[in-house]
Each structure stands twice: as C-alpha cells, then as structure tokens.
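Welcome! Please take a look at the sequence and the structure below, and then follow the notes topic by topic.

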Amino acid sequence: QTGTSAPTVTAPENSLGAVVWARADTGTYTATLTNAFVANKTWAQGHIISAATGAVYDLVRTSASVMTLTTRQMPAAPARKDALLAATPVEIRVYP
C-alpha cells in the first residue's frame with residue numbers, strides 16, 4: 001500500500017475466495033467478501049510491521065463480510081497513518 005491507494009495483495013494461498021481490499025480512510029483498510037468471516041470462527045492477529053520505526057497494524061472482524069485493518073506508527077504518532085504496509089504479510093483464517 002502506497003500513498004492513498006488500496007493495498008495491493010499477493011496471496012500465496014487463498015482458500016476464502018476473492019477478497020476485495022479498499023482504503024476506507026487514512027490508515028484504515030477493509031477486506032470484503034460476502035459472509036466469509038464467520039463469528040467465533042475467524043482469526044486474525046495484529047503485527048509489528050517494523051520494530052525500528054514502530055509501525056504496527058491491527059486486523060479485526062467488523063462484520064460477517066468485512067475485516068478492518070488499521071495502521072499506526074507507535075509510540076510517537078499513534079494516529080492512523082498510510083503507506084506502512086509495503087511487503088507486510090497479513091493472515092486471516094476462518095475455521096470450519
């Protein structure tokens with residue numbers, strides 16, 4: 001993800017289907033796939049993008065069809081920030 005564009009995804013494995021990524025706001029991105037993210041069966045975890053810069057992301061289920069990813073640069077600038085996801089792995093699991 002660069003500037004204000006939606007994240008570009010390279011998926012080495014995808015068993016969910018065609019997840020559509022979009023930029024919703026500064027440092028906020030959505031992954032959308034109709035009814036794919038089942039309550040109590042969907043797993044995602046926030047990660048450190050760069051320990052050197054303090055860049056982190058959080059990924060949460062916001063509905064049955066949407067996961068929301070937010071990026072921040074901690075601790076100096078905890079506000080959401082764009083352009084932090086370059087070459088960052090993101091994993092969403094949905095268990096049967």
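Let's begin towards the end of the chain: P96 sits in the segment after β8. P96 is exposed, with a relative accessible area of 89%. Keep in mind that you are looking at a predicted model.

**Confidence**
- The mean pLDDT of the protein is 88, and 96% of the residues reach at least 70.
- Among the elements, strand β2 (residues 28–32) has the highest mean pLDDT, 96, while strand β7 (residues 77–80) has the lowest, 80.
- Where pLDDT is low, the predicted coordinates should not be read in detail.

**From P96 to T30**
- T30 belongs to strand β2, and 66 residues along the chain separate T30 from P96.
- T30 counts as buried because its relative accessible area is 18%, under the 20% cut-off.
- Leaving aside neighbours within four places in sequence, T30 is in contact with V20, W21, A22, A24, V66, M67 and T68.

**The nonpolar core**
- Twelve residues form the largest nonpolar core: W21, Y29, A31, L33, A36, F37, Y57, L59, M67, L69, L85 and I92.
- Strands β2, β5 (55–61) and β6 (66–73) each contribute at least two residues to this core.
- One of the core residues is L59; leaving aside neighbours within four places in sequence, L59 touches A44, G46, M67, T68, L69, V90, E91 and I92.

**The largest pocket**
- The largest pocket has a volume of about 790 Å³.
- Its lining is made of 25 residues, and V9, T10, A11, V90 and E91 are the ones nearest the centre of the pocket.
- By type, the lining residues are 15 nonpolar, seven polar and three charged.
- Strand β8 (residues 92–94) gives the most to this lining, with three residues.

**Two residues with positive phi**
- N40 is not a glycine, yet N40 has a positive phi of about 65°.
- You can find N40 in the loop between β2 and β3 (42–44), where N40 is exposed at 83% relative accessibility.
- A87, also a residue other than glycine, has a positive phi near 55°.
- Look for A87 in the loop between β7 and β8; with a relative accessible area of 86%, A87 is exposed.

Notes. Residues numbered from 1 in each chain as written. Predicted model: local features only at pLDDT ≥ 70, side-chain atom pairs only at ≥ 80, totals over all residues. Heavy atoms only, no water. 1 Å grid on protein atoms, 1.4 Å probe; cavity = no way out; pocket = protein on both sides within 12 Å on 5 of 7 lines; lining within 4 Å. Points joined across faces, edges and corners; volume = space filled by probe spheres on them. Helix = DSSP H or I, 4+ residues; strand = E, 2+ residues; numbered from the N terminus. Nonpolar A, V, L, I, M, F, W, Y, C, P; charged D, E, K, R; others polar. pLDDT = per-residue confidence, 0-100. Core = buried A, V, L, I, M, F, W, Y, C linked by side-chain atoms within 4.5 Å. Buried < 20%, exposed > 50% of the residue type's maximum accessible area, 1.4 Å probe, protein only. Contact = heavy atoms within 4.5 Å.
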